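Dear colleague,

I am passing on the structure we spoke about, with the sequence and coordinates placed just below. My notes on what was found follow after that.

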Amino acid sequence: MQRRSFLKNAAVGATVSAVAMPAFAQTQPTVNWRLASSFPKSLDVLFGAADTFSKRVASLTGGKFNIRVFAGGEIIPALQVVDAVQAGTVEMGHTAGYYYFGKDPAFCFDTALPFGLTSRQQTAWLMSGGGMALMRDFFKDYGIVNFMGGNTGTQMGGWFRKEIKTVKDLQGLKMRIAGMAGRVMGKLGVVPQQVAGADVYPALEKGTIDAAEWVGPYDDEKLGFNRVAPFYYAPGWWEPSAQLSFYVGIKEWEKLPKEYQSALEVATYEAHTGMQAEYDARNPQALARLLKAGVKLRTFSAPIMEAAFNAATQTYNEEAAKNPKFKKIYEPWKAYRQNVNQWFSVGEAPIQNFMLR
Ligand code: CA
């Protein structure tokens, strides 16, 4: 519905600009915005999406709408982007909703939930499955208009110093993992640890922690975890995909000329699609290099996956019982997940399973 009206607007815009482009460029105001990213420049795919987005917005508006991108921590602490947009310190941000789990676990629906949606399913939920209306309603309370801003695809289960064969092996395991995933892991006996990115390697090396999750082969390789924790597990069942988002202050959004709003929106779609493509192109090469370097690839056993799935469901039911905002999104989300997986099991899974045999 929303996409259809967007396409209609875009078509109208194209007709007008073909005739009246010089007038458009002269009469439109110059707008300068700041975008705070949560990501360091070293995570080039995550950070790069905001750069791609900002360049496209400038080119679509004849250089009149400029959005300057700042890396995590440059002007705003990396994990306070929502607060900064809400307070109007910056006009917009690029971040992951689940970093704000502590404000409300419902933020996770905008990024990832254990045993949640894959990248394609998440995009479909937001664009055509009713998800965007639910999330826009949720973000309104934070003075934010949300847009999709990339996806990592299915993440890896992370790096372990020792092999994990049974559910019992998770007992007392100190793992760097946060948010909803940490809460689910806690039910399995794991002791979740909050460790900042730069401190993960030394903590793994010293054995202060036994395991750490990060992203996937391309990003993990750069941090060299394989040298201190040789067992590399799949899948990251707590992130079947992880979506990044652009958060724009509602007041600033409403002040924009309609053409700038369209430019901004269409540029978020480009950044969104581009990030998944980058990861899908780079991860296989990085994985091949890691395997060559002696990484021991493992998959979580079926009993571990089953126990984790049950722990996740229990966690969601507990949260829904005490948090009406979570419940309001969770119930239709859960119905959508079941429905979309029924289709994927018929349409996608048979060909995937055959090709991956
Ligand atoms: Ca992760």
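In this predicted model, the centres of domain 1 and domain 2, taken over C-alpha atoms, are separated by 28 Å, and the contact between the domains draws on 28 residues from domain 1 and 25 residues from domain 2. As for how the chain is divided, domain 1 is made up of residues 11-151 + 242-281, while domain 2 is made up of 158-240 + 287-329.

The area buried between domain 1 and domain 2 comes to about 2200 Å², with carbon and sulfur atoms giving 67% of that area. On the side of domain 1, the residues that lose the most area to domain 2 are Phe101, Pro114 and Phe115, which together account for 31% of what that side buries.

Turning to the polar side of the interface, 3 salt bridges are counted between domain 1 and domain 2, and the count of residue pairs in polar contact, both residues being at pLDDT 80 or more, is 10. At least two residues each of the side of domain 1 that touches domain 2 are supplied by helix 2 (44-60), helix 4 (119-128) and helix 5 (131-140), and helix 5 gives the most, with 4 residues. By residue class, that side of domain 1 divides into 20 nonpolar, 4 polar and 4 charged residues. A salt bridge is also found between aspartate 137 and lysine 328, where the closest N and O atoms are 2.6 Å apart.

Two further residues may be of use to you. Alanine 96 lies in the loop between strand 3 (92-95) and helix 4, and because its relative accessible area is 1%, alanine 96 counts as buried, the cut-off being under 20%. Leaving aside neighbours within four places in sequence, alanine 96 is in contact with Phe39, Thr111, Gln243 and Leu244. The C-alpha atom of alanine 96 is separated by 18 Å from that of aspartate 220, which is 124 residues apart from alanine 96 along the chain.

Glutamine 243, one of those contacts of alanine 96, has its place in strand 10 (residues 243-249) and is likewise buried, with a relative accessible area of 0%. A polar atom of the glutamine 243 side chain lies 3.3 Å from the backbone oxygen of aspartate 110. With neighbours within four places in sequence again left aside, the residues in contact with glutamine 243 include Ala96, Asp110, Thr111, Gln122, Leu126 and His272.

With best regards

How values were computed: Residues are numbered from 1 along each chain as its sequence is written. This is a predicted model: local features need pLDDT of at least 70, side-chain atom pairs count only at pLDDT 80 or more; totals for chains, interfaces and linings use all residues. Side-chain values use heavy atoms; hydrogens and water are left out. Domain bounds come from an automatic or database domain assignment. Contact means heavy atoms within 4.5 Å. Buried area is the accessible area (1.4 Å probe) that two parts lose on being put together, summed over both. A salt bridge is a side-chain nitrogen of Lys or Arg within 4 Å of a carboxyl oxygen of Asp or Glu. A polar contact is a pair of N or O atoms within 3.5 Å; within protein, one must be able to donate a hydrogen and the other to accept it, and residues adjacent in sequence count only if both atoms are side-chain atoms. Ala, Val, Leu, Ile, Met, Phe, Trp, Tyr, Cys and Pro count as nonpolar, Asp, Glu, Lys and Arg as charged, and the others, Gly among them, as polar. Buried means under 20% relative accessible area, exposed over 50%, partly exposed in between (1.4 Å probe, protein chains only).
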